[in-house]
Amino acid sequence: MINPKDEKMKKLLIGLSFVFGGTGMVSAQKVMLYSTTSSERWVEQKCAVDKAPATQADIYVYTDSLQQEVVGFGGTFNELGWDAMQNLSSAERTKVIASLFAEDGAHFTLGRTPVGASDYAMGYYSYNDVKDDYAMRNFCIDRDRYTLIPYIKAALKFRPDLKLWASPWTPPAWMKVNEHYSQKSSGIEGTDIGHNRLDPNRNVLGNVTGFKMQQGYLQAYALYFSKYVQAYKENGINIQMIMPQNEIAWTPCWPSCTWRPEDLAIFVTQYLGPQFEKDSIDTDIWLGTVNFPDPNYVRTFMKQRNTGKYVKGVGVQWTGMKALPIVYKEYPFYGYMQTENMCGNSENDWSALERTWKAVVHCFNNGVNSYMYWNMVLNETCKSWWDWAQNALVIVDRNSGQIRYTDEYYLMKHLSRFVQPGSRLLKVSDTQNILAFRTNDNKVVMVIYNPKEEKQSYSFKVGNKSLSVVLKAKSINTLVL
């Protein structure tokens with residue numbers, strides 16, 4: 001028997017009554033609507049469930065059709081982001097971190113951190129630049145203790161259960177065939193912007209492996225990862241997942257390394273996985289980050305011996321998203337993550353929000369469990385060390401001290417604030433302008449985009465309940481039922 005005084009059980013029954021079409025007290029339930037336009041941010045209002053269920057609706061949410069489980073949303077910790085926040089007072093810096101990770105902020109679930117230098121580091125570096133130090137005697141993360149580790153720990157104060165994962169942009173230079181952190185000498189997209197002065201004779205082609213596929217280097221690199229995970233743990237940070245290479249199939253002028261899928265599989269199955277086993281490291285290994293649109297990259301990797309033993313998931317970014325529809329169907333039992341939101345060119349406006357929204361919808365409709373933004377915080381230039389100005393969620397003006405929350409910040413807040421780990425994606429009739437989720441506490445959360453230039457009335461049928469709302473022109477909205 002159920003004790004009627006058990007408040008927890010009563011709340012559960014109420015939630016189930018709504019989701020599965022019950023009647024009674026739920027018919028008078030209020031629904032919270034959160035709305036954002038380019039000029040009005042996060043406006044809250046209450047709506048009511050229609051008392052008489054409609055026979056027709058503009059959009060149907062099928063509450064009995066549960067799709068993949070959600071791990072969550074997050075962003076990336078980078079040196080330049082932490083550096084930008086050093087121009088703020090301690091109190092203002094804390095507010096920025098809270099806006100990303102606190103329960104009344106975006107409430108991010110996930111954080112990504114680079115293993116050594118990324119393109120938003122303050123220059124090239126690795127944790128061991130001593131040539132041919134196969135035993136990793138000179139391995140050291142001291143630089144991170146002043147940049148990335150304080151950044152991550154500031155987030156952990158608001159989100160102690162934050163799931164952290166890591167990937168390198170490049171191995172130490174001495175492990176690479178051209179013995180340089182980058183793969184090519186020219187600047188961004190064939191220009192001289194961000195030129196790294198690498199001798200063009202040492203450029204590495206994009207369809208070959210930039211790593212020295214020799215036993216000593218493979219063993220040393222596996223040990224490098226093991227020491228990284230252990231060193232971070234000693235500093236109070238648990239790295240729960242590793243992807244062994246950022247953007248496997250690109251040769252930019254910043255830290256990078258290409259891998260053929262067969263070679264990456266050799267490293268993962270014969271060196272990295274066994275090294276983690278030897279050192280009793282329970283950090284998961286994923287294939288990623290894959291920025292290649294042809295699904296044959298993932299197929300070729302997965303066909304190699306023992307990949308299923310060591311690999312738990314697949315991370316895609318940029319053009320890698322194009323492979324998702326096929327890859328997810330062929331390998332449905334792996335986890336999937338969109339690992340880096342498209343960075344843009346410092347537009348930081350509504351057009352960036354629209355591009356990101358389309359990418360989020362595409363990814364969740366094709367199996368991803370989690371979605372990562374790129375730079376959470378940047379200074380007023382938004383430029384990398386290689387001079388590419390990109391988008392960010394929060395922009396700190398180092399001169400005036402002003403803090404700007406961009407349109408994409410509010411998009412991520414609309415997605416992440418209420419859709420927490422364990423939520424399930426729901427099937428909907430509109431596959432372009434809405435995502436719907438059932439949360440752990442049996443609420444239905446709908447994130448809706450109105451792309452029209454005028455306000456629009458929408459009718460919804462959510463299970464057996466009906467709801468009508470008017471959405472502002474060009475707005476992103478979250479309905480919580």
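**Largest cavity.** I began with the lining of the largest cavity in this predicted model, and by class I counted seven nonpolar, two polar and three charged residues there. The space inside the largest cavity comes to about 80 Å³. Its lining is made up of D119, W169, N246, E247, W250, W254, W318, E340, C343, W374, W388 and Q390. In all, I found four cavities of 30 Å³ or more in the structure.

**Second largest cavity.** Next I looked up the second largest cavity, which holds about 50 Å³ of space. M342, C343, G344, A352, R355, T356, N391 and E408 line the second largest cavity. By class, I noted three nonpolar, three polar and two charged residues around the second largest cavity. Which element gives the most to this lining? It is α10, with three residues.

**Helix α10.** That sent me to α10, residues 350-364. I checked its length: at 1.5 Å a residue, the 15 residues should span 21 Å, and the end C-alpha atoms are 21 Å apart, so the two agree. I then listed the buried residues of α10: W350, A352, L353, T356, W357, A359, V360, V361, C363 and F364.

**Cysteines.** How many disulfides does the structure have? My count came to zero. C343 is in no disulfide, as the nearest cysteine sulfur, that of C382, is 11 Å away. Is C343 buried or exposed? With a relative accessible area of 3%, under the 20% cut-off, C343 is buried. I looked at C140 too, and C140 is partly exposed, because its relative accessible area is 36%, between the 20% and 50% limits.

**G105.** I moved on to G105, in the loop between α3 (90-101) and β5 (110-114). G105 counts as buried because its relative accessibility is 2%. Setting aside neighbours within four places in sequence, I found G105 in contact with A98, S99, Y409, K413 and R417. I also noted that the C-alpha atoms of G105 and F418 are separated by 10 Å, though these residues are 313 apart along the chain.

Terms used:
Residues numbered from 1 in each chain as written. Predicted model: local features only at pLDDT ≥ 70, side-chain atom pairs only at ≥ 80, totals over all residues. Heavy atoms only, no water. Disulfide = S-S within 2.5 Å. Buried < 20%, exposed > 50% of the residue type's maximum accessible area, 1.4 Å probe, protein only. Helix = DSSP H or I, 4+ residues; strand = E, 2+ residues; numbered from the N terminus. Expected span 1.5 Å × (residues − 1). Contact = heavy atoms within 4.5 Å. 1 Å grid on protein atoms, 1.4 Å probe; cavity = no way out; pocket = protein on both sides within 12 Å on 5 of 7 lines; lining within 4 Å. Points joined across faces, edges and corners; volume = space filled by probe spheres on them. Nonpolar A, V, L, I, M, F, W, Y, C, P; charged D, E, K, R; others polar.
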